[in-house]
Amino acid sequence: MAAQKPDKGAERDQGAEPGLAAKLNDFLRRNRVAAFAVLVTLVVGIAGVAVWSVVSEAADAKAALAVEAADASFAAWTSAPDAAAKSELEATLRAELEALSARYGTEWPGLHAELLAARMVAEAGKWAEAESLYAALARKAPATSHVGPAAYRYAADAAERAGANDRAATLLNEFLAAWEGKAPGAERAHLALLRLAEAVRDYAAAREQYEVMVSRYPDSDWTKLAANRILYLESQGLLD
């Protein structure tokens, strides 16, 4: 009787390594509790991220609405028809700004509230006090905040209006050191420094500011204004 040939297929079925699906099924069967725990963790994590995103967006929307309300109150206060109406609106505005500042601190809504509070002081013509408030705000604002550069420019303007040209120049130079190339307003700051130098008859320093503007901002309208000032100084024989 002829020997029976081995069934190659049977050998494969019985002796071959189990496939990936079989291995996975076996692993899940033996570790079903751990696998379930991992699954629950993933689901909870995803749900947590979704909830955080919704809550964060809601908080941002609430903050934006509060800032818009403060801006509207500030606009109404500045355009009040008479002193009595302005005084009545001022109490409401101050309360809004204090609440924003207390709630948000150095976050954008809180800094914006402080900026508006400083502008209220400037609106009253208290330039030295306004300068101090603006400068403090500019120096504490985070590097990611747009409030910092605005506060620096307001502070320099208030210092100049107060007759403190040296402090105005210091503030403008601080602004340029911290924000040039990162925030708008550098060309205007250089022109302001040119004018401040001209006011104290430091015409060489005025020309230096102009040369910086030509080098960095050749097409700016502020540079064109600076060119006009330099031409005037040259026409008066104050510059070679």
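This is a predicted model: local features need pLDDT of at least 70, side-chain atom pairs count only at pLDDT 80 or more; totals for chains, interfaces and linings use all residues.

Visitor: Why is the tyrosine pair said to tie parts together?
Guide: Because Tyr134 lies in helix 6 (residues 127-140) and Tyr154 in helix 7 (residues 147-161), the pair links parts that are 20 residues apart in sequence.

Visitor: And how exposed is each tyrosine?
Guide: Tyr134 is buried, with a relative accessible area of 2%. Tyr154 is partly exposed, with a relative accessible area of 32%.

Visitor: Back to Trp77. Which residue lies over its face?
Guide: Lys86 does, at 4.4 Å from the ring centre of Trp77. There is also Arg103, which lies over the face of Tyr104 at 4.6 Å from the ring centre.

Visitor: Changing topic. What does the whole chain consist of?
Guide: The protein chain has eleven helices and zero strands. Written along the sequence, the pattern is α-α-α-α-α-α-α-α-α-α-α.

Visitor: How much of the chain counts as buried?
Guide: Of its 240 residues, 30% count as buried. As for contacts between residues at least 6 apart in sequence, 50% join residues at least 24 apart.

Visitor: You mentioned helix 7. At what angle do helix 5 and helix 7 cross?
Guide: They cross at roughly 15°, and the axes of helix 5 (residues 108-123) and helix 7 come within 10 Å. Helix 5 and helix 7 are therefore roughly parallel to each other. The crossing of helix 5 past helix 7 is left-handed.

Visitor: Which residues make that contact?
Guide: From helix 5 they are Trp108, Leu111, His112, Leu115 and Arg119. From helix 7 they are Val147, Ala151 and Tyr154. Tyr154 is also the ring that stacks with Tyr134.

Visitor: What about helix 7 and helix 8, parallel or antiparallel?
Guide: Helix 7 and helix 8 (residues 165-179) pack at an angle of about 165°, with their axes 7 Å apart. They are therefore roughly antiparallel to each other. Helix 7 passes helix 8 in a left-handed crossing too.

Visitor: Which residues meet there?
Guide: On the helix 7 side, they include Gly148, Pro149, Tyr152, Arg153 and Ala155. On the helix 8 side, Leu171, Leu172, Phe175 and Trp179 are among them.

Visitor: And past helix 8, where does Lys182 lie?
Guide: Lys182 is in the loop between helix 8 and helix 9 (186-199). Its relative accessibility is 66%, so Lys182 counts as exposed.

Visitor: How are Lys182 and Pro149 separated?
Guide: Lys182 and Pro149 are 33 residues apart along the chain, and their C-alpha atoms are separated by 9.4 Å.

Notes: Residues are numbered from 1 along each chain as its sequence is written. Side-chain values use heavy atoms; hydrogens and water are left out. Rings of Phe, Tyr and Trp (its six-membered ring) pair if their centres lie within 6.5 Å; planes under 30 degrees apart count as stacked, over 60 as edge-to-face and the rest as tilted. Helices (H or I, at least four residues) and strands (E, at least two) are DSSP runs, numbered from the N terminus. Buried means under 20% relative accessible area, exposed over 50%, partly exposed in between (1.4 Å probe, protein chains only). A charge sits over a ring if NZ of Lys or CZ of Arg is within 6 Å of the ring centre and within 35 degrees of the ring normal. Axes are lines fitted to C-alpha atoms, for helices over the stretch in contact, and angles run from 0 to 180 degrees between N-to-C directions. Angles under 35 degrees count as roughly parallel, over 145 as roughly antiparallel, 65 to 115 as roughly perpendicular and the rest as oblique. A crossing is left-handed if the near helix is turned anticlockwise from the far one by less than a right angle, and right-handed if clockwise. Contact means heavy atoms within 4.5 Å.
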